[in-house]
Amino acid sequence: MRNYNKTLYALITILVVYTVSFVAFILYSVTNFAFSDFYKRLDLRRDLAAERMLNGKETQKDWSITYLEELNNQREFIVEFDEKGDIVNNSGFNALLWEKIDKRGATNFKEGNTFYSTKLYQQPGKNYIVGVSAENYFYTHHLRYLQNLLLISLILGVLFVIVVSLLVKRSFIQPIYGIIDEVKKIGSENLYLRLREDKYKGVLHKLANTFNRMLNRVETSFETQKNFISNASHELNTPLTSIIGIADLSLSKDRSKEEYQQAMQKIVDSAENLEKKTNALLMLARTGYEKDTKLNFKPVRIDQIIMDAEMTVKAINERFHIKTDFSMLPDDSMKLKVNGLAPLLQLAISNIVSNACKYSPNHTAYVALGAFDKGVIILIKDEGIGIPEQELSYIYDPYFRASNTQHFSGYGIGLPLARNIIKMHDGNLSVTSTLGKGTTVRIELPTYSPIS
Amino acid sequence: MIQRVLVPTDFTVNSLRIVLEYLENNNDEQVELVLVYGYKLGESISMLLGFTLDDHLAEMQNDDFLKGCEIIKSRFKDKVVEMYADCMISKNTRYVRNYLKGRQFTQIVLPDAFEFQNVEHTFDVVELLRTQPLPLPQVIPVAMGEDEMSRHDTLDSFFFRKKWRFSYE
């Protein structure tokens, strides 16, 4: 805000300086014109006076006045002087101004309100200075008036500039304060609140809109996090409850050795289940939050990773079939190299492939690989149950499971985990699906370039 | 000698299957592929003055289509010398004759039973070329066959075609 004020004051100063210099320029040029014009008129009268005084007769005095308007307080004078410059004869000239006169040519000067025009005239053995003096009515009256007028308009102008600038500043800042007040009201407990966009216009409308969109994202991620915690605790609670239940039950009375063994086996199974879940959770958290720390990426062949991932999937469940289409493999094997961590990529791909197999009645996943200019495309397709269209936007939320997956076991971690891994590799994962027909997952990864 | 081949297209990834069928079933000659589609320019003065081929083609080709083209180029790196799009702007017989002659096509690929996407102002190049009374360059028919898999992703049709050539289980 302080910077804003500085800019405003600088702008006001510039405007004021401009106005002042404009006024000064007008005054200067009008004065200049008034002076030079008046001196010209004096010069004419001086020449006429000299003609009359030196060559004419004294009685001829009045003829020039018939044609030329007499100036205010017009006086004519003639001064005779010797070679040293001392006055010999003086008629009507104030001797105190003698120094100001050029004794060898013409002079124009001003003393108080009186203007003088003099010139040297020579006759054999004699030097005369003939001159005319008069008061400049235009200078004494009109210019003074103009000066006052300009001064008043200057003051009014400056006042106007300052008032208008302050008003504009206020009208700019007021809505921003409005936005600030509205934003202050929004906290974690009322994230549903939004700014009133229709209240603002122009760029502030855009600002409010941007802010609201940011709030939408914040609210969504807030919700996701809340859901994540509740889902996670629920998921972790289930095996814990069963462990406690089995242990309680077996402790409630004396049991045979076999029964204890059975109970312990169940407890171990549940604990293993719990471990799997926490490991998956840990992996998800690590892949989700370690985006900034650059992992030790190396160039790896993506076709090799796909084949390894398929081996892994088949090892988990031998009913799973994977059909691979490598018909679009590029001639140049360099195009198949991506920069990444092989175990992570393998984990991501095997997760998606095993999902594709799991949710298809024929337990078959179709995998294809191709390379375009700057990256590779992996398509993993199934002919399974698909994902309901309205649920497609939630599939990347951890622990989210689509409404049609009740009959399949799973935690809802595989896809978010895969997506995190692909994102770590600067890649892109997208899912398209038709309910009841099948799903296609498309992974795009940038190719390894030795320069970067 | 590099063959210049006219391949009809509608700028969908699906139509790139024609290119694939052609490339896979023909001998190892080097080819320059010109993906051609039909666009009725109309008679208005604004179209005549405001139509720019490059801008129009850039508008027609979406990301997936371009990626598909790039995949084909990297797959058949030694075979495909060049691959670019072009359009025919009239069904007029003389225009077609001049177009084929001017571009110096040596082969024309005509697929059987392929449904092109019918968008406003477009026309079917395959049908147009089939019905031409003109002597055409060498016509290469390709059999598209039925594709039985359902499609979700736009690149699906491009990859999972008929029978997998490389598959292991």
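A nonpolar core is taken here as a set of buried Ala, Val, Leu, Ile, Met, Phe, Trp, Tyr and Cys residues joined through C-beta atoms within 7 Å. In this predicted model, the largest such core comprises 77 residues, and the members that touch the most others are Ala348(A), Val353(A), Val376(A), Ile380(A), Ile421(A) and, from the other chain, Val7(B). Helix α7 of chain A, which spans residues 342-358, makes the greatest contribution to this core, supplying 9 residues. Another core lies apart from the largest one and consists of 13 residues, including Ala50(A), Phe115(A), Ile129(A) and Val130(A).

Chain A itself contains 452 residues, of which 24% count as buried, and its secondary structure is made up of 8 helices and 12 strands.

The contact between the two chains draws 31 residues from chain A and 20 residues from chain B. On the side of chain B that touches chain A, the elements giving two or more residues are α4 (63-75) and α7 (156-159) of chain B, and of the elements on this side α4(B) gives the most, with 5 residues. Sorted by class, the residues on the side of chain B that touches chain A are 9 charged, 7 nonpolar and 4 polar.

Note on methods: Residues numbered from 1 in each chain as written. Chains lettered and ligands numbered in written order. Predicted model: local features only at pLDDT ≥ 70, side-chain atom pairs only at ≥ 80, totals over all residues. Contact = placed C-beta atoms within 7 Å. Helix = DSSP H or I, 4+ residues; strand = E, 2+ residues; numbered from the N terminus. Nonpolar A, V, L, I, M, F, W, Y, C, P; charged D, E, K, R; others polar. Buried ≥ 20, exposed ≤ 12 C-beta atoms within 10 Å, placed from the backbone.
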